[in-house]
Amino acid sequence: MANDASTVFDVVILGGGSGGYAAALRAAQLGLNVALIEKGELGGTCLHRGCIPTKALLHAAEVADETREAAEFGVLATFQGIDIKGVHKYKDDVVSGLYKGLQGLVASRKVTYIQGEGRLSSQTSVDVNGQRVEGRHIVLATGSVPKSLPGLTIDGNRIISSDHALKLDYIPKSAVILGGGVIGVEFASVWKSFGVDVTIVEALPHLVPLEDENSSKLLERAFRKRGIKFELKARFSGVEYTENGVRVSTENGKQIDADVLLVAIGRGPVSAGLGYEEAGVAMDRGYVLVDEYLRTNVPTISAVGDLVPTLQLAHVGFAEGMLVAERLAGLKVVPIDYDGIPRVTYSNPEVASVGLSEAKAAEQYGKDKIVTLKYNLAGNGKSKILKTAGEIKLVQVKDGAVVGVHMVGARMGEQVGEAQLIYNWEALPAEVAQLIHAHPSQSEALGEAHLALAGKPLHAHD
């Protein structure tokens with residue numbers, strides 16, 4: 001805490017997850033006096049219960065698959081099984097190292113870090129640990145938690161959330177995953193690699209329904225090949241305990257027995273009982289409403305991250321936190337183009353995209369103004385070497401810029417950086433076609449796709 005209890009900070013931030021700590025680091029860097037309040041662990045969901053631990057599990061799953069398939073590459077190896085304790089140690093070591101680094105970074109920036117459960121007590125103050133912390137400006141960054149459905153109780157035993165799944169000390173023989181979005185698909189991928197019989201239940205017509213429909217269909221095809229089952233257009237109607245597990249029912253009369261049910265229908269904002277409404281902050285279904293500069297209707301209060309109804313991604317939180325810090329420091333800031341933010345589902349295969357889907361582009365520009373091109377990874381040398389299948393789809397405004405890049409295949413998440421530049425710099429296909437990509441590389445597939453869209457395909461059919 002500050003030495004002087006009467007200190008009025010320039011910025012008081014409630015929540016130390018991606019959005020909150022990014023705001024704190026940037027504001028302190030710009031010379032503001034910052035207090036950061038967090039009830040749990042610095043780093044929030046992303047570091048401790050989200051991005052980092054799930055991707056560690058996904059990498060362990062990748063190693064398991066590569067061991068099983070080693071003979072295909074002429075390597076003699078024997079897959080003996082999954083040591084779940086060893087997997088958790090590897091995962092926890094990754095998280096622990098990053099956590100220590102983040103703690104050191106916050107301390108080095110001279111941020112006043114307060115551990116405790118804070119509550120907004122006025123438009124310029126937060127109460128925590130029996131003390132009132134005053135600020136000229138408040139940033140709300142209290143994040144999100146796993147959601148459930150009415151009547152569906154997540155008990156942490158056989159009906160679990162992603163938080164529980166990350167700490168499960170055994171590998172179930174079978175699992176039903178409720179929800180075919182990013183979280184559900186990633187856990188399905190991990191568990192299948194660990195030897196689990198997986199069934200996804202999704203109410204909408206496709207897996208990863210926020211992606212371009214072509215990407216969804218490619219992922220579904222790959223999952224079928226991997227033996228991951230899924231029920232689409234299947235609304236959940238109930239779950240009951242059986243002697244050894246659970247029985248999940250859907251509205252179309254289907255019943256699926258499994259050891260566990262993972263509820264992965266998304267995440268909801270953490271805002272109840274924190275004093276937001278009492279301070280006059282405008283809300284909608286638990287979310288804090290903000291304008292394009294992340295300002296609430298209260299002049300002294302901003303909000304960032306999963307608490308606001310924008311994309312629930314850690315890197316969105318980083319960007320929003322930095323934008324608010326720079327605005328409060330008096331710098332000129334530019335609103336975030338949320339379509340221009342990369343999105344990656346780290347399943348096997350990966351799904352990566354930036355910009356508009358074909359459907360959204362047609363809606364925005366008119367169907368007759370849209371041109372699309374698909375480049376199959378079968379024509380890419382590095383993809384052949386990796387034995388991955390997939391596709392890159394480009395969406396272009398006719399005679400104009402590329403407004404959407406959608407990729408499915410191994411390591412496509414690593415290609416989305418260039419795709420981001422293509423979209424955000426409003427590049428024409430011919431401009432990207434002039435760039436020379438390393439051969440053989442998977443980034444080359446992105447270049448080849450643009451060569452084809454520019455009318456001069458090389459390793460692709462006309």
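Tutor: Contact here means heavy atoms within 4.5 Å. The model is predicted.

Student: Which residues is His137 in contact with, leaving aside its neighbours within four places in sequence?

Tutor: Beyond those neighbours, His137 touches Asp10, Val11, Val12, Pro299, Thr300, Ile301, Ser302 and Leu328. His137 itself sits in strand β6, residues 131-140.

Student: Why is His137 called buried?

Tutor: The relative accessible area of His137 is 8%. Buried means under 20%, so His137 with its 8% counts as buried.

Student: What makes Tyr90 partly exposed?

Tutor: Tyr90 has 33% relative accessibility. Partly exposed covers values between the 20% limit for buried and the 50% limit for exposed, therefore Tyr90 at 33% belongs there. Tyr90 is a residue of helix α4, which spans residues 84-108.

Student: How are two packed helices described?

Tutor: By the angle between their axes and the distance between the axes. For helix α3 (residues 51-68) and helix α6 (residues 182-193), the axes come within 8 Å and cross at roughly 40°. This crossing of α3 and α6 is left-handed.

Student: Which residues of α3 and α6 make the contact?

Tutor: On α3 they are Thr54, Lys55, Leu57, Leu58, Ala61, Ala64, Asp65 and Arg68. On α6 they are Glu186, Phe187, Ser189, Val190 and Ser193.

Notes
Residues numbered from 1 in each chain as written. Predicted model: local features only at pLDDT ≥ 70, side-chain atom pairs only at ≥ 80, totals over all residues. Heavy atoms only, no water. Helix = DSSP H or I, 4+ residues; strand = E, 2+ residues; numbered from the N terminus. Buried < 20%, exposed > 50% of the residue type's maximum accessible area, 1.4 Å probe, protein only. Axes fitted to C-alpha atoms, helices over the stretch in contact; angles between N-to-C directions. Left-handed = near helix turned anticlockwise from the far one by under 90°.
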